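Please open the structure in your viewer and keep the selection tool at hand. The tour goes from stop to stop, saying at each one what to select and what is found there.

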Amino acid sequence: MASSIAKVGVNLASDLPLTLEQTLISLIRSCKNPNHLLQLQPQIITSAIDYKSHITSSHFVSKCCELKLINHARQVFDRLPERSHTSLWNVMSKGYLQNHAYNDVMVLFADMRRENVKPNCYTLPVVLKSCCKAFALREGEQVHSVAIKTGFKSNTYVGTNLIEFYSGGGHVTRAYRVFTEMVLRNVVSWTAMINGYVANGDLVSAKRLFDLAPERDVVLWSRIVSAHAEAGDMVEAKRLFDLMPGKDLMSYNTLLNGYANNGDVEGFERIFKNMEERNIFSWNGLIGGYAHNGRFVEVLGAFKRMIRESDVQPNDATLVSVLAACARLGSLDFGKWVHKYAERSGCTGNVYVCNGLMDMYAKCGLVECSIDVFNSMDKKDLISWNTIINALAVHGHGADALEIFGEMKSSGEKPDGITFIGILCACSHMGLVKEGLDHFHSMRDEHSIEPQIEHYGCVVDLLARGGLLEQAFEFVRKMPMEADGVVWTALLAASRVHKKIEFAELSLKKLIEIDRENPANYVMLSNVYGEARKWEDVARLKVAMRDTGSKKVPGLSSIQTDDEIVEFYCFDERHSKTEEIYCALRGLTKLLRLCGYRADPTELESGS
């Protein structure tokens, strides 16, 4: 292979007749996968003998980069006998950039300078983009210096990329200096500078510059509208939108998303209704807006409308939002239908859709289906592993969660903080106190992950569930941060299970300090007193709860019936078939009593 690569370097540098060169370039462009390109390589070698053409070489290197054969591309590039053409270096640099190898771009640029190959106006922007991505300020400043020395300081394309480089690194003042020194500034330059101000939180300067811009296209108008929307100023965003000449579909989508992200459901519904034309971003804006504002029933309704009323085909982002809504509503049947739709439309190979399916099935109680989806995935990302590990842990399959965690590490995927929440939860449910503590300590020692309050809460739950309440309270006392309500609630719940009244009282005291008006805290301690038959303490707590002036928020349930989601509260009488529902409920209650069920009078949550 090494000798073959060397031949490519020598022979692709040949001076081909025009027709043969065109044929080879056409063959290179037609390659759809790495195997095709590598199969074509001997033909290119044979045909290119005794000729020189850097154009064919550039196309071959470019195609290697496009097909992710970045190392092979570099081997071919390094063996080219004639590398004085700037375009060859540009192709290799662009390939590194497209493959996120930002440091390699900077190293290649240094090699280029050492070989005295002169950069052009297409070389420097690629290097600047890489410096920005790699947060390499010093290297970017060196590129800026090269631009000045080589006369590209006044080039609009190079200058725009310098603006993006400095503003992307937070140096907006230096970006503005570049902007003012540019001889020719086009609308792209003005947009880059305004973007820089917006990205660095200076909306005033962005608006001032926008007002001074001699030319404003629809992209610049949409950017200033979205900037005000991001700042929460929808009044100004709408005013600017109304002033915008030549509004296009992107403009309407920008305003729609602005209303959605700022919680104005009526606003984005109105914009969507008034749109004469809608594309996938319009529908995703509507569906995502409902999801962002917790209107999950409306998410499903909008998706049905999209399928029924429009010619726009849902994409992976659409399906992910709909699956998330199904998960929140427990709408298993509709989630299964979406799964079938994804299979028919070829989306089940998409990692994001598969992650959504796993989450939906897990939250609807079918963890086995989550496992099936996970096992069917050809490619898994960190979210895939985290989703299945947490699903298994929550559903009591702790051993399986730990086994998957082992597979995850073997695959080379690095765990993060969310991974360890699932692992600690699995150990807690299995009563594996020692193993759980080992995993907790390994976060910092082996994986350089700093534990957060959620992880400390999991350890508290681990110890408390194991009956080690004294150790749990000592662990809380030594935590590097103040325990939050979740931690103290876990201790209060464990104190109830293990009938440790003194610990329950201490937990409630801490919870009252955090949130005095939350009645759920009083209810849980009342249950502890009730189970211990301390009725005077129960009465005292009821008085204390009444004195706070707060009431327990009623629980909301939902059920899917006849292709719709119905939500209801305890003693709800809003449904049109209320009488039939309560009649059926009374019948079920009688059956339960005949089977020996008796309500526990000490359970006070439902009556508080």
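This is a predicted model: local features need pLDDT of at least 70, side-chain atom pairs count only at pLDDT 80 or more; totals for chains, interfaces and linings use all residues.

Residues are numbered from 1 along each chain as its sequence is written, and side-chain values use heavy atoms, with hydrogens and water left out.

**Salt bridges**

Side chains of opposite charge can pair when their charged atoms come close. A salt bridge here is a side-chain nitrogen of Lys or Arg within 4 Å of a carboxyl oxygen of Asp or Glu, and the structure holds 23 of these salt bridges.

Select Arg 74 and Asp 78, which form a salt bridge whose closest N and O atoms are 2.8 Å apart. Because the two residues are 4 residues apart in helix α5 (residues 70–78), about one helical turn separates Arg 74 from Asp 78; helices are DSSP runs (H or I, at least four residues), numbered from the N terminus.

Move on to Arg 239 and Glu 236, whose side chains meet in a salt bridge of 2.7 Å, N to O. Is Glu 236 buried or exposed? Glu 236 counts as buried, because its relative accessibility is 19%, whereas Arg 239, at 39%, counts as partly exposed. Buried means under 20% relative accessible area, exposed over 50%, and partly exposed in between (1.4 Å probe, protein chains only).

**Cysteines**

Select Cys 364 next, and look from its sulfur to the closest cysteine sulfur, in Cys 326, which lies 7.2 Å away and is therefore too far for a bond. Cys 369 is in no disulfide either, the nearest cysteine sulfur being that of Cys 364, 9.9 Å away. A disulfide is a pair of cysteine sulfur atoms within 2.5 Å, and the structure holds 0 of them.

**Cavity and patch**

Select His 144, Lys 153, Leu 162, Val 178 and Glu 181, which line the largest cavity, a space with a volume of about 40 Å³.

Finish with Leu 585, Leu 588, Leu 591 and Leu 594, which make a nonpolar surface patch of about 440 Å². Leu 594 is found in helix α34 (residues 578–594), and it counts as exposed because its relative accessibility is 72%.

Conventions. Patches are made of residues with over 30% relative accessible area and no salt bridge: like charges are joined within 9 Å, nonpolar side chains (Val, Leu, Ile, Met, Phe, Trp, Tyr) within 5 Å. Accessible areas come from the Shrake-Rupley method with a 1.4 Å probe; for residues, only the protein chains shown count as cover. On a 1 Å grid over the protein atoms alone, a cavity is a set of points where a 1.4 Å probe fits but cannot get out, and a pocket is an open set with protein on both sides within 12 Å along at least five of seven lines; lining residues have an atom within 4 Å of a point. Grid points are joined across faces, edges and corners, and a volume is the space filled by probe spheres set on the points.
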